[in-house]
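Please look through the structure below before reading on. The paragraphs after it go from the inside of the model to its surface.

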Amino acid sequence: MAHVDPKMQACIDNCLDCYATCLSTAMNHCLEAGGEHTEPAHFRLMAACAEICRTTAHFMLIGSPHHPHLCRECAEICTECAKDCERIGDMADCAEACWRCAESCRQMAA
């Protein structure tokens, strides 16, 4: 693999971690918890967050010059997801992964 800037590699790692955490949390914790955890707006947000994180990591991994646009959008969606996870509660791991990803994506988009 070609040399990847350490800042970009950290962002890729954070995006992939957030993807896995959001998807796993939605499909396991949220579905089992029910209630607010499975309200359509929240559940769709978690699915969107997981997918934008996966896609953003993919664009960085292939060296696409379009990754800064995706990083901006990823940061926005991750921030929204983190806030919603905190609002509902009992989702600290997901919120933390989203905050980390949002911060590293903001740095990559700058």
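This is a predicted model: local features need pLDDT of at least 70, side-chain atom pairs count only at pLDDT 80 or more; totals for chains, interfaces and linings use all residues.

Residues are numbered from 1 along each chain as its sequence is written, and side-chain values use heavy atoms, with hydrogens and water left out.

Begin with the core. A nonpolar core is a set of buried Ala, Val, Leu, Ile, Met, Phe, Trp, Tyr and Cys residues joined through side-chain atoms within 4.5 Å. Buried means under 20% relative accessible area, exposed means over 50%, and partly exposed lies in between (1.4 Å probe, protein chains only). The largest such core here has 37 residues, and those with the most contacts inside it are Cys15, Cys18, Cys49, Cys78 and Cys98. Helices α1, α2, α3 and α4 (92–109) each supply at least two residues of this core. The largest share, ten residues, comes from α3. Helices are DSSP runs of H or I with at least four residues, numbered from the N terminus. In soluble globular proteins, nonpolar side chains tend to be buried together.

Cysteine 18 touches Cys49, Cys53, Cys78, Ala97, Cys98 and Cys101, not counting residues up to four places away in sequence. Contact means heavy atoms within 4.5 Å.

Next comes threonine 79, which lies in helix α3 (residues 67–88). Is threonine 79 buried or exposed? Threonine 79 counts as buried because its relative accessibility is 15%. A polar atom of its side chain lies 2.8 Å from the backbone oxygen of alanine 75. Leaving out residues up to four places away in sequence, threonine 79 touches Trp99, Ala102 and Arg106.

Histidine 37 sits in the loop between α1 and α2 (40–61). Histidine 37 is also buried, with a relative accessible area of 10%. Beyond residues up to four places away in sequence, histidine 37 touches several residues, among them His29, Phe43 and Met91.

The last stop is the surface. Leu16, Leu61 and Ile62 make a nonpolar surface patch of about 270 Å². Accessible areas come from the Shrake-Rupley method with a 1.4 Å probe, and for residues only the protein chains shown count as cover. Leucine 16 is found in helix α1 (residues 6–33). Leucine 16 counts as partly exposed because its relative accessibility is 35%.

Technical notes. Patches are made of residues with over 30% relative accessible area and no salt bridge: like charges are joined within 9 Å, nonpolar side chains (Val, Leu, Ile, Met, Phe, Trp, Tyr) within 5 Å. A salt bridge is a side-chain nitrogen of Lys or Arg within 4 Å of a carboxyl oxygen of Asp or Glu. A polar contact is a pair of N or O atoms within 3.5 Å; within protein, one must be able to donate a hydrogen and the other to accept it, and residues adjacent in sequence count only if both atoms are side-chain atoms.
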